[in-house]
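Welcome! Open your viewer, get your selection tool ready, and follow along one stop at a time.

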Amino acid sequence: MKVLAVNPGSTSTKIAVYKDETPLLVRNIRHSVDELSGFPRIIDQFEFRKNLVIDELKANDIPFEFDAIVGRGGLLKPIPGGVYEVNDAMLDDIAHAMRSHACNLGCLIASELAALLPGCRAFIADPGVVDELDEIARITGSPLMPRITIWHALNQRAIARRYAAENNTRYEDLNLIICHLGGGISVGTHCRGRAIDVNNALDGEGPFSPERAGTLPAGQLIDLCYSGRYTRDELKKRISGRAGLAAHLGTTDVPAIVKRIEEGDMHAELVLNAMIYQIARSVGAASVVLYGKIDAILLTGGMAHSEYIISRLQERISFLAPVHVYPGEDELEALALNALGALRGELPIQVYQ
Ligand SMILES: Nc1ncnc2c1ncn2[C@@H]1O[C@H](COP(=O)(O)OP(=O)(O)OP(=O)(O)O)[C@@H](O)[C@H]1O
Ligand SMILES: CCCC(=O)O
């Protein structure tokens with residue numbers, strides 16, 4: 001079986017080709033803030049990102065022959081985890097998605113490329129809208145605004161299973177706090193195989209991140225909305241696209257920021273340290289959700305490569321539980337294994353309604 005996995009992230013497009021369990025190609029194409037700023041909306045990046053995938057296959061002499069194409073995405077209605085076949089209801093919801101996110105393109109690219117090949121199936125797996133929150137975690141101080149979660153479900157699950165396998169146990173038997181430190185940051189509280197509390201990483205909840213604002217002062221936000229200074233779209237971007245490190249420092253490139261700090265940029269140091277402080281505070285909050293009974297804290301995502309970030313984070317959180325670091329992500333492998341499982345009939349293929 002041959003599978004193409006496509007993972008459009010906020011700062012990258014990642015692709016992989018698998019022949020059964022063997023990766024034939026794994027690529028991470030990074031996008032700078034400038035490169036993406038030419039596209040007014042993320043959905044406008046569709047042709048650009050799709051062509052990147054096709055070009056990468058050609059450049060590596062990979063024939064365009066697949067049994068399935070699986071994309072990460074998209075921001076649909078809240079649904080249980082697992083594999084879903086791309087269908088019209090899904091494409092329609094993506095076309096009218098309330099939330100713009102690069103992962104919406106994963107589902108569209110999988111669908112369009114699979115349609116070029118007779119018999120090829122298009123899937124998504126564990127999208128960012130997987131919702132397993134405890135009821136108590138949904139309540140906010142306003143009945144008008146219950147909490148929802150948008151998070152890195154695919155990678156957090158894959159890393160949890162990897163940690164469990166390395167420790168000869170099962171994800172379903174562990175209490176874990178998992179921090180995905182990517183362009184967005186999600187901090188998940190996993191209680192015996194269920195993510196019972198996770199921040200809405202995209203829409204203004206949790207730590208700020210390279211691209212996201214995280215939790216903001218609500219009163220000031222309302223004032224800004226009515227100030228007449230910004231359109232709705234501009235303000236949305238200031239929460240989930242050009243916020244966080246991008247807004248404070250003009251870049252999402254952590255190694256470049258660390259270099260600035262080493263060269264004496266004290267503002268960059270304050271901002272990066274503030275992001276680390278906010279991540280640690282979220283981990284502290286997650287620890288009480290689990291009544292302090294934590295088997296491990298797992299740090300993953302692109303920023304888990306950064307010694308600067310990880311060492312400072314560990315200083316603040318390692319008293320809570322053992323900390324393990326999984327730099328990068330297992331999303332491409334997780335997508336490919338989900339698609340293979342679905343093709344072989346080992347995993348149920350769910351229908352998005
Ligand atoms: N080797 C590295 N050292 C330090 N920081 C890194 C390294 N590689 C990536 N990063 C940082 O990680 C962040 C991007 O992480 P990642 O690639 O997981 O994000 P993404 O896939 O674009 O978005 P998301 O994970 O939110 O879907 C960027 O801020 C980048 O600078
Ligand atoms: C679905 C991931 C959330 C984010 O990118 O912030």
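## Around the ligand

Keep in mind that this is a predicted model. Begin with ligand 2: its shell is made up of 5 nonpolar, 6 polar and 1 charged residues. Which residues are they? Select Ser10, His101, Cys103, Gly128, Ile150, Trp151, His152, Gly183, Gly184, Ala201, Leu202 and Arg212, and you have what surrounds ligand 2.

## Two domains

Now colour the protein chain in two parts: domain 1 (2–131 + 331–350) and domain 2 (153–327). Each of these domains supplies at least three residues to the shell around ligand 2. The centres of domain 1 and domain 2, taken over C-alpha atoms, are 24 Å apart. Where the domains touch, 17 residues of domain 1 meet 15 residues of domain 2.

Next, select helix H13 (residues 331–343). On the side of domain 1 that touches domain 2, helix H13 gives the most, with 4 residues. That side of domain 1 has 6 nonpolar, 6 polar and 5 charged residues.

## A pair of helices

For the last stop, select helix H10 (residues 254–262) and helix H11 (residues 266–289). How do they pack? Their axes lie 8 Å apart, at an angle of about 130 degrees, which makes H10 oblique to H11. The crossing of H10 and H11 is left-handed.

Show the side chains here: Ile257, Arg260 and Ile261 of H10 make the contact with Ala268, Glu269 and Leu272 of H11. By class, the residues in this contact of H10 with H11 are 4 nonpolar, no polar and 2 charged.

Methods: Residues numbered from 1 in each chain as written. Chains lettered and ligands numbered in written order. Predicted model: local features only at pLDDT ≥ 70, side-chain atom pairs only at ≥ 80, totals over all residues. Near = placed C-beta within 6 Å. Nonpolar A, V, L, I, M, F, W, Y, C, P; charged D, E, K, R; others polar. Domains from an automatic or database assignment. Contact = placed C-beta atoms within 7 Å. Helix = DSSP H or I, 4+ residues; strand = E, 2+ residues; numbered from the N terminus. Axes fitted to C-alpha atoms, helices over the stretch in contact; angles between N-to-C directions. Parallel < 35°, antiparallel > 145°, perpendicular 65-115°, else oblique. Left-handed = near helix turned anticlockwise from the far one by under 90°.
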